[in-house]
Amino acid sequence: QVQLVESGGGLVQAGGSLRLSCAASGIFFSNNAMGWYRQAPGKQRELVATITSGGTTNHVDSVKGRFTISRDNAKNTVYLQMNSLKPEDTAVYYCRVIGRDFWGSGTLVTVSS
């Protein structure tokens with residue numbers, strides 16, 4: 001049974017930082033590309049960043065230079081370091097096994113102005 005458990009969300013002021021974690025179980029983690037997505041109130045879920053099994057990363061333009069995705073295969077965990085947060089980053093953040101319909105339940109990030 002695949003489980004993805006996100007953590008690290010919370011309330012932060014604009015300009016602050018948060019580090020999200022997603023712990024995976026039930027999959028051969030190191031063989032899978034992973035991604036972070038987010039869904040803001042009233043909006044569709046959107047891709048934020050991905051990381052391949054080999055560690056190659058991709059970040060959408062709106063977070064480039066501010067967010068960094070990384071992974072620790074020994075801990076079966078993918079991270080999202082978020083710096084210089086903006087109110088428009090407010091959303092529920094989800095991790096996903098890329099190419100498979102496995103999602104976590106999400107962690108809420110709220111950025112106040």
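The charged end of Arg19 sits over the ring of Tyr79, 3.9 Å from the ring centre. For a charge over a ring, NZ of Lys or CZ of Arg must be within 6 Å of the ring centre and within 35 degrees of the ring normal. Arg71 does this with Phe29, at 4.5 Å from the ring centre.

A word on the source. This is a predicted model, so local features need pLDDT of at least 70 and side-chain atom pairs pLDDT 80 or more, while totals for chains, interfaces and linings use all residues. Residues are numbered from 1 along each chain as its sequence is written, and side-chain values use heavy atoms, with hydrogens and water left out.

Now the aromatics. How many aromatic pairs does the structure hold? There are 2. A pair needs ring centres within 6.5 Å, using the six-membered ring for Trp; planes under 30 degrees apart are stacked, over 60 edge-to-face, the rest tilted. Tyr37 and Trp103 are edge-to-face, 4.8 Å centre to centre, with 65° between the planes. Tyr37 is in strand β4 and Trp103 in strand β10 (residues 102–103), so this pair ties together parts 66 residues apart in sequence. Strands here are DSSP runs of E, at least two residues, numbered from the N terminus.

Buried or exposed, where does Tyr37 fall? Tyr37 is buried, at 13% relative accessibility. The cut-offs are under 20% for buried, over 50% for exposed, and partly exposed in between, with a 1.4 Å probe and protein chains only. Trp103 is partly exposed at 28%. Trp103 also pairs edge-to-face with Tyr94, 6.5 Å centre to centre and 85° between the planes. Tyr94 is buried at 12%.

Next, the core. The largest nonpolar core has 27 residues. Such a core is a set of buried Ala, Val, Leu, Ile, Met, Phe, Trp, Tyr and Cys residues joined through side-chain atoms within 4.5 Å. Among those with the most contacts inside it are Trp36, Phe67 and Tyr93. Strands supplying at least two residues each include β3 (18–25), β4 (34–39) and β9 (91–97). Take Tyr93: leaving out residues up to four places away in sequence, its contacts (heavy atoms within 4.5 Å) include Glu6, Trp36, Val48 and Val109.

Last, a sheet. Four strands form an open sheet in the order β1-β3-β8-β7, with antiparallel pairing. Pairing takes at least two DSSP bridges. The edge strands are β1 (3–7) and β7. β1 and β3 pair over 5 bridges, and Glu6 stands opposite Cys22 in β3.
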